[in-house]
Amino acid sequence: MGSRAVVFFFFFLALLSFSGICLSSASADNGEEEDVGLIMNFYKDSCPQAEDVIREQVRLLYKRHKNTAFSWLRNIFHDCAVQSCDASLLLDSTRRSLSEKETDRSFGLRNFRYLDTIKEAVERECPGVVSCADILVLSARDGIVSLGGPYIPLKTGRRDGRKSRAEILEEYLPDHNESMSVVLDRFAAIGIDTPGLVALLGSHSVGRTHCVKLVHRLYPEVDPVLNTDHVEHMLHKCPDAIPDPKAVQYVRNDRGTPMILDNNYYRNILDNKGLLIVDHQLATDKRTKPYVKKMAKSQDYFFKEFSRAITILSENNPLTGTKGEIRKQCSVVNKHH
């Protein structure tokens, strides 16, 4: 009896093992892939050239249109800070929903057509494999390098959302006139601490600000905290109290190195040359000022905190595995028949 029991025991183990293999095989046949989440080099097997294609497209587009890099940098914030890093920002308006691109908070966002250019290049290499969400994140990463910033290794494996979040956008994106408490709270909600926030706002070292966003500091009276030497330049660039939003009326965020992502921004705001209210608050609020002063002294420290904050931002609540979809075109969801 003992011998028969042993034989039965091993037969039972073999049966369990075989059942496991069958279940695993059935799961694979049903298209249920393991959700590995975000990982480095997610496309190494499915599209090995994906990141190289994106990097080369960013390089070529930046060579022809320098301001694309500012746009890619803004995109990662405007998309990933709003509930999920899922390229919802890129969706066009439909009869049923407003695009995030058309909200007040998104004023000044542009160059989306160049993301379409990158997507088309990736699709030629690997149709239906690489998400718009990953393209948005990687183009920001490579755009940062184009601007002289640090190379930040970022994970991939995001999938694309199927709906715009225009109706809740203001709950997540702080306005440039919000109190520092509100700004800190919004960033803290996605895991970005105070030095991370200070570093992210260092993005204001590049690009430009439309007069619409800063005339309230010039008219009817000049904000007394502004550096008087800088006011003359701002008034020259923004001569109208009510500027046309469609007019080309801008002030460079940093007149010294406007095309370089560097720590000059922090020296500027400590000298009261910040264009936006949030810039001024960053340099004067007791919670943020110590980090502003530290970043003004050390570009290495700025880059370290900036890289950490961008990484956290890029990993905010992504869709992975079988959630969402891989859009064929970044501006519209796929049609499901």
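Predicted model: local features only at pLDDT ≥ 70, side-chain atom pairs only at ≥ 80, totals over all residues.
The chain contains 13 helices and two strands. Of its 337 residues, 50% are buried. The chain exposes about 17200 Å². Among contacts with a separation of 6 or more, 75% join residues 24 or more positions apart.

Helix α11 spans residues 277-284. Six of its eight residues are buried, so the helix is largely enclosed by the rest of the structure. The buried residues of α11 are Ile277, Val278, Asp279, Gln281, Leu282 and Ala283. Several other helices contribute to their cover. These include α7 (180-188) and α8 (194-200). Helices α10 (264-270) and α12 (289-297) are also part of the cover.

Helix α2 covers residues 50-64, and Ala50 lies in it. Ala50 has a relative accessible area of 2%. The cut-off for a buried residue is under 20%, so Ala50, at 2%, is buried. Leaving aside neighbours within four places in sequence, Ala50 is in contact with Tyr43 and Val130. The C-alpha atoms of Ala50 and Val122 are separated by 6.3 Å. Along the chain, Ala50 and Val122 are 72 residues apart.

Salt bridges were searched for next. Side chains of opposite charge can pair when their charged atoms come close. The whole structure holds 17 salt bridges.

Helix α2 supplies two examples. In one, the side chains of Asp52 and Arg55 meet, with an N to O distance of 3.0 Å. Both residues lie in α2, three residues apart, which is about one turn of the helix. Asp52 has a relative accessibility of 44% and counts as partly exposed. Arg55 is also partly exposed, at 31%. In the other example, the side chains of Glu56 and Arg59 form a salt bridge at 2.7 Å, N to O. Glu56 and Arg59 are three residues apart in helix α2, so about one helical turn separates them. The relative accessible area of Glu56 is 34%, which makes this residue partly exposed. Arg59 is partly exposed as well, with a value of 43%.

A network of salt bridges links Glu51, Asp52, Arg55, Arg141 and Asp142.

Arg217 forms a salt bridge with Asp223, and their closest N and O atoms are 3.2 Å apart. Both Arg217 and Asp223 are buried. By contrast, Asp52 and Arg55 are partly exposed.

One member, Lys237, is found in helix α9, which runs over residues 228-237. The relative accessibility of Lys237 is 37%, so this residue counts as partly exposed.

Terms used. Residues numbered from 1 in each chain as written. Heavy atoms only, no water. Helix = DSSP H or I, 4+ residues; strand = E, 2+ residues; numbered from the N terminus. Buried < 20%, exposed > 50% of the residue type's maximum accessible area, 1.4 Å probe, protein only. Contact = heavy atoms within 4.5 Å. Areas by Shrake-Rupley, 256 points an atom, 1.4 Å probe, with all protein chains shown as cover. Salt bridge = Lys/Arg side-chain N within 4 Å of Asp/Glu carboxyl O.
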